[in-house]
Amino acid sequence: MSLLKVSTILKWVTGGLEAVWAIPIIGGTVIVSLAWTPLVVMLALHIITLIFSINEKRRIHGSVLGIITSVVGWIPVVGWIMHIITAVFLMIDAYQTNKRDQIVVKEM
């Protein structure tokens, strides 16, 4: 069993949070009731994930998309769609990276 890279763990976390924000009515209500603070927190998390992904030579498209989502997430329908897309991208990337790392470890 291999240890997950920090970027992979962060992609699972940020992807999961993006999925929560994409839940109709609930996600929007939480974001608005907290004065859009979750979007600022997500922006910071996506930037941190991006930095770890670059350092670990991993894909960065999910984190870049997350940064864009955090910036435009306050727009009602656009934000909702972006949260869905970003969650999917991050989770697929985390899954593929995890699977690839397990194959490499088994070959060693």
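Q: To begin with helix H1, residues 6-21, how far apart are its end C-alpha atoms, and what should its 16 residues span?
A: Bearing in mind that this is a predicted model, the end C-alpha atoms of H1 lie 23 Å apart, which agrees with the 22 Å that 16 residues should span at 1.5 Å a residue.

Q: Which residues of H1 are buried?
A: The buried ones in H1 are Ser-7, Thr-8, Leu-10, Lys-11, Thr-14, Gly-15, Glu-18 and Trp-21. Looking down the axis of H1, these buried residues fall within an arc of 155°, so they line one face of the helix.

Q: Why would residues three or four places apart point the same way?
A: An α-helix has 3.6 residues a turn, so residues at a spacing of three or four places point the same way.

Q: And Val-13, is that buried, exposed or partly exposed?
A: Val-13, which also sits in helix H1, has a relative accessibility of 40% and therefore counts as partly exposed, since that class lies between 20% and 50%. Its C-alpha atom is separated by 15 Å from that of Ile-85, a residue 72 places away along the chain.

Q: What about Leu-3, where is that?
A: Leu-3 belongs to the segment before H1, and because its relative accessibility is 80%, it counts as exposed.

Q: Changing topic, what is the volume of the largest pocket?
A: The volume of the largest pocket comes to about 230 Å³. It is lined by 17 residues, and the closest to its centre are Gly-28, Gly-73, Ile-75, Pro-76 and Trp-80.

Q: Which elements give two or more residues to that lining?
A: Those elements are helix H2 (26-33) and helix H5 (76-107), and H5 gives the most, with 5 residues.

Q: How does the lining divide into nonpolar, polar and charged residues?
A: The lining of the largest pocket has 12 nonpolar and 5 polar residues, and no charged ones.

Q: How far is Gly-27 from His-83 in space?
A: From C-alpha to C-alpha, Gly-27 and His-83 are 9.7 Å apart, while in sequence they are 56 residues apart.

Q: Now two serines: is Ser-53 buried or exposed, and what is in contact with it?
A: Ser-53, found in helix H3 (residues 37-55), has 0% relative accessibility and so counts as buried. Apart from neighbours within four places in sequence, its contacts are Ser-7, Lys-11, Arg-58, Arg-59, Ile-60 and Ser-63. Two of these, Ser-7 and Lys-11, are among the buried residues of H1.

Q: And Ser-70, where is it and what does it touch?
A: Ser-70 has its place in helix H4 (residues 61-72), and not counting residues up to four places away in sequence, Ser-70 touches Leu-39, Met-42, Leu-43 and His-46. Ser-70 counts as buried because its relative accessibility is 8%, where the cut-off for buried is under 20%.

Definitions and conventions:
Residues are numbered from 1 along each chain as its sequence is written. This is a predicted model: local features need pLDDT of at least 70, side-chain atom pairs count only at pLDDT 80 or more; totals for chains, interfaces and linings use all residues. Side-chain values use heavy atoms; hydrogens and water are left out. On a 1 Å grid over the protein atoms alone, a cavity is a set of points where a 1.4 Å probe fits but cannot get out, and a pocket is an open set with protein on both sides within 12 Å along at least five of seven lines; lining residues have an atom within 4 Å of a point. Grid points are joined across faces, edges and corners, and a volume is the space filled by probe spheres set on the points. Helices (H or I, at least four residues) and strands (E, at least two) are DSSP runs, numbered from the N terminus. Ala, Val, Leu, Ile, Met, Phe, Trp, Tyr, Cys and Pro count as nonpolar, Asp, Glu, Lys and Arg as charged, and the others, Gly among them, as polar. Buried means under 20% relative accessible area, exposed over 50%, partly exposed in between (1.4 Å probe, protein chains only). Contact means heavy atoms within 4.5 Å. The expected span of a helix is 1.5 Å times one less than its number of residues. The arc is that of the directions from the helix axis to the C-beta atoms.
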